[in-house]
Amino acid sequence: MADLGRAALIVSFGLALWALAAGITGAMANRRRLVDSARNALIACFVSTFIASAILASALVRHDYTFVYAASHTSHDLPTLYSLSAFWGGQEGSLLLWLLILTGYAALSVTLNKRLLRDLIAWTVPVFAGVATFFSFILVAVSSPFVTQSRAVDGAGLTPSLQNPYMVAHPPMLYLGYVGLTVPFAFAAGALLARQADERWLIATRRWTLAAWMFLGFGQLLGSHWAYVEVGWGGYYAWDPVENAALMPWLAATAFLHSVMIQERKGMLKIWNVVLVALAFELSVFGTFLTRSGVINSIHSFARSSIGPWFLVFVCATAIFSTWLILSRLPLLRARTKLESALSREATFLYNNLLLVALCLTILWGVLFPVLTQAFLGESKTIGRPYYDFFLRAFGLPLLLLMGIGPLIAWRRASVRSLIATLRWPISVALTAGVVLLILGAGSSIPGIIAYTFCAFVLTTIVVEVVRGTRATGSLTELVGRNRRRYGGYVVHFAIVLFAIGVAGSSAYGSTKEQLLLPGQTMSVAGYNVTYKNLEVEKGPTSSETRAVMTFTGRSTGTLRSGTNAYFADGSSSREVGIHTNWLRAEDLYVIFDQKQGEGVYFKVLVKPLVNLLWVAGIVFIIGSMVALWPDAREQKRLVARLALARA
Amino acid sequence: MALAIAMLLAVFLLYTAVVGNSTPVLQPSNLAGHTGTVSLTGEVIGPVAGESHTTGLTFGLRDISGKSQTIPINFHGSVPDLFKVGRHVNLTGAMKNGTFVATDMTTKCPSKYTTTNGS
């Protein structure tokens with residue numbers, strides 16, 4: 001079976017290479033048969049990669065330990081679902097998943113657009129094929145998932161903390177996002193190579209970008225939630241390089257999703273958009289490089305591996321290619337109109353873009369800091385949380401404010417007077433909320449109260465918009481149905497507001513206390529009195545489970561358990577935090593069993609106000625994205641009409 | 001626009017240079033001469049003794065390559081789940097009277113991604 005898998009990957013590599021070579025030749029010489037052949041090869045490449053993936057998946061589920069990959073990532077006692085998730089548990093499988101998703105996206109997007117964008121597709125195919133060639137080459141020659149051995153008795157299994165439903169869903173979500181950013185890149189590069197720099201590539205890829213962006217965003221949130229409930233240090237984001245690697249392309253894609261609206265409408269920001277698309281793609285490949293190469297110290301500790309240099313070459317090659325392409329096509333990317341006023345919707349979108357990209361580059365700077373200081377100062381240095389927190393506030397708070405202004409300000413030219421008139425409700429609500437919160441004592445954190453005030457502002461703008469629109473059309477469903485993209489956008493903005501409130505609440509107004517408690521003793525944290533009752537030890541299926549039984553009174557009353565699991569298999573242990581959610585306040589009482597000390601236990605108790613809004617935001621985010629993604633015939637017609645106008 | 005980006009770049013260059021509390025990342029072998037707070041990465045060497053909440057947890061740390069002298073560590077705080085002899089850990093702290101006094105520790109998670117020496 002492994003031979004078949006290996007053969008399927010070689011076929012994939014051959015097909016990708018053919019799609020690249022035939023695609024370029026066909027497009028340059030304008031030979032339709034070669035162009036079609038390249039396109040078919042790309043689709044066939046998906047089929048052969050799918051066969052290879054199916055072979056690997058079946059080996060994992062069957063626990064076929066003649067596959068080294070199955071032996072090192074599964075074991076007999078591992079449930080089927082987790083055995084399957086071992087597919088993306090290691091480097092080789094992850095790379096195969098990359099290739100599978102890439103060829104899948106490529107085959108589908110190229111097939112769906114082949115009539116509408118024939119001239120552009122001719123060049124899109126070789127771009128996809130180039131990326132696929134690289135990944136299939138790595139899988140064939142450097143890091144193969146089909147290495148075999150003589151049969152082992154049992155496999156090495158999967159680390160206990162990763163045997164968790166979140167870890168089944170989180171990596172493929174991220175991959176769907178990462179790899180999905182190749183689609184807009186391939187179409188943009190295809191359009192530039194074909195010297196067809198009109199807006200068609202934007203329209204063809206809008207939904208693809210949106211879907212990739214949704215997966216990437218939701219995937220990160222799943223990872224955060226996993227860290228929060230499973231890793232148990234009490235946080236959900238640590239600014240770790242590997243986490244940042246996923247955040248950076250997401251920020252670039254967020255900027256892109258906004259600036260395309262300006263290009264569609266006004267024919268501006270054309271250069272900026274291709275730069276953003278290239279940046280998002282580069283960052284997604286760079287992210288894969290970062291997580292796989294081990295150049296940067298991360299708590300995720302992926303082993304230093306042989307594919308690092310290959311990825312570095314690929315990142316550099318694609319960066320040089322993108323730069324050359326954009327520079328050589330600059331004359332085609334001239335804007336149709338100019339920015340008329342610094343106070344207009346175009347301008348606010350531009351500010352939003354600058355802030356998002358600035359935040360993205362700041363994070364990149366932080367991630368690369370150890371490498372750069374090593375290279376230029378001879379000593380590696382890291383920058384920690386304060387740096388990131390500072391810039392998150394410096395760039396994030398203005399972004400939040402712009403989220404309220406942007407959708408309401410007039411196109412072309414607005415006056416301060418008209419803007420204030422439009423925003424009179426949001427401004428008064430925000431000011432009132434600010435004053436009330438100050439009285440309630442939220443002034444203990446300046447960034448916190450600014451964030452809350454801005455959130456109230458944005459929330460009111462959304463409500464005002466929806467109410468006004470509903471009055472005009474007569475029904476809410478009709479309103480949303482008529483302009484899904486706009487109202488889907490509002491729903492996503494609402495999710496971001498919830499998210500911002502959650503972040504501000506849990507970080508700026510949280511409480512932490514550490515104390516040694518003997519059975520019967522009580523500690524008080526932020527309105528809760530937590531009592532340690534007794535210790536229970538139970539023998540579970542895979543571990544010995546120690547649990548401290550705690551009762552609490554105060555803001556809410558109840559019982560929770562917090563403890564540790566000692567795993568029989570490898571003698572490792574993990575903390576199992578006790579969380580009580582007070583839904584009325586969206587607040588968590590979070591108890592970490594730190595260490596046993598004689599009869600007593602050191603407990604770390606955290607009260608995290610509003611933290612649950614983060615997870616609610618995730619669901620709202622998905623709903624909003626789906627609304628904006630949903631096919632809309634009317635919108636399509638409008639775009640085509642606008643496009644015809646633009647090309648005339 | 002390019003100007004705006006350049007200015008923003010300048011801002012965080014300045015920030016990291018002046019305000020930013022960047023921490024040197026070291027291994028035991030190049031710790032000598034550093035008196036301020038540093039981030040120290042290495043391999044845990046036994047014996048592990050003491051108690052992290054009272055007297056402090058004591059153990060040794062040497063370079064991950066294994067080719068360095070072992071530095072005594074005194075750690076106060078919450079010990080991560082995955083801490084044990086032989087693990088690679090990252091400590092934040094400073095040298096005090098020949099002992100590295102640390103208050104923050106993260107272990108490199110032996111995730112399913114790792115292949116080096118099967119840890």
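Guide: Let us begin with a term: helices and strands are DSSP runs, numbered from the N terminus. Please bear in mind that the model shown here is predicted.

Visitor: In which strand is B:F100 placed?

Guide: B:F100 belongs to strand β6 of chain B, which covers residues 99-107.

Visitor: Is B:F100 buried or exposed?

Guide: Buried means under 20% relative accessible area. B:F100 has a relative accessible area of 0%, so this residue is buried. Among the residues that B:F100 touches, leaving aside those up to four places away in sequence, are B:L31, B:V38, B:L40, B:I71 and B:M95. In sequence B:F100 and B:P28 are 72 residues apart, while their C-alpha atoms are 9.8 Å apart in space.

Visitor: Which peptide bond of chain B is cis?

Guide: The bond from B:G46 to B:P47 is cis, and its omega is near 0°. B:P47 is part of strand β2 of chain B, residues 38-51.

Visitor: Which residues have a positive phi although they are not glycine?

Guide: Two cases may be given from chain A. A:H63 has a positive phi of about 55°, and A:H63 sits in the loop between α2 (32-61) and α3 (68-73). With a relative accessible area of 10%, A:H63 is buried. A:L610 has a positive phi of about 65° and is located in the loop between β10 (600-608) and α20 (612-629). A:L610 has a relative accessible area of 22%, and is therefore partly exposed.

Visitor: How is a side chain within a helix described?

Guide: Consider A:S136, in helix α6 of chain A, residues 118-142. The relative accessibility of A:S136 is 0%, so this residue counts as buried. A polar atom of the A:S136 side chain lies 3.2 Å from the backbone oxygen of A:T133. Not counting residues up to four places away in sequence, A:S136 touches A:S12, A:F13, A:A16 and A:L99.

Visitor: How should I read a sheet?

Guide: Strands of a sheet pair through backbone hydrogen bonds, and the pairing may be parallel or antiparallel. In chain A, 4 strands in the order β2-β10-β9-β8 form an open sheet with antiparallel pairing. Its edge strands, each pairing on one side only, are β2 (511-517) and β8 (578-582). On average, neighbouring strands of this sheet are turned by 15° against each other, direction ignored.

Visitor: How many bridges join β2(A) to β10(A)?

Guide: There are 7 bridges between β2(A) and β10(A), which run antiparallel. One example is A:Q515, whose bridge partner in β10(A) is A:F603.

Visitor: How are aromatic rings compared?

Guide: A pair of aromatic rings is described by the distance of the centres and the angle of the planes. Over all chains, the structure holds 36 aromatic pairs. A:W213 and A:F621 form a tilted pair, 5.0 Å centre to centre with 55° between the planes. This pair links distant parts of the chain, 408 residues apart: A:W213 is in helix α9 (residues 200-231) and A:F621 in helix α20. Both A:W213 and A:F621 are buried.

Visitor: Why is the pair of A:Y237 and A:W239 edge-to-face?

Guide: The planes of A:Y237 and A:W239 are at 90°, so the pair is edge-to-face, with ring centres 5.1 Å apart. A:Y237 counts as buried at 18% relative accessibility, as does A:W239 at 9%. Ring pairs link A:Y237 and A:W239 into a cluster with A:Y387, A:Y388, A:F390, A:F391 and A:F395.

Note on methods
Residues numbered from 1 in each chain as written. Chains lettered and ligands numbered in written order. Predicted model: local features only at pLDDT ≥ 70, side-chain atom pairs only at ≥ 80, totals over all residues. Heavy atoms only, no water. Buried < 20%, exposed > 50% of the residue type's maximum accessible area, 1.4 Å probe, protein only. Polar contact = N/O pair within 3.5 Å; in protein donor to acceptor, adjacent residues only side chain to side chain. Contact = heavy atoms within 4.5 Å. Pairing = 2+ DSSP bridges. Axes fitted to C-alpha atoms, helices over the stretch in contact; angles between N-to-C directions. Phe/Tyr/Trp six-rings, centres within 6.5 Å; stacked < 30°, edge-to-face > 60°.
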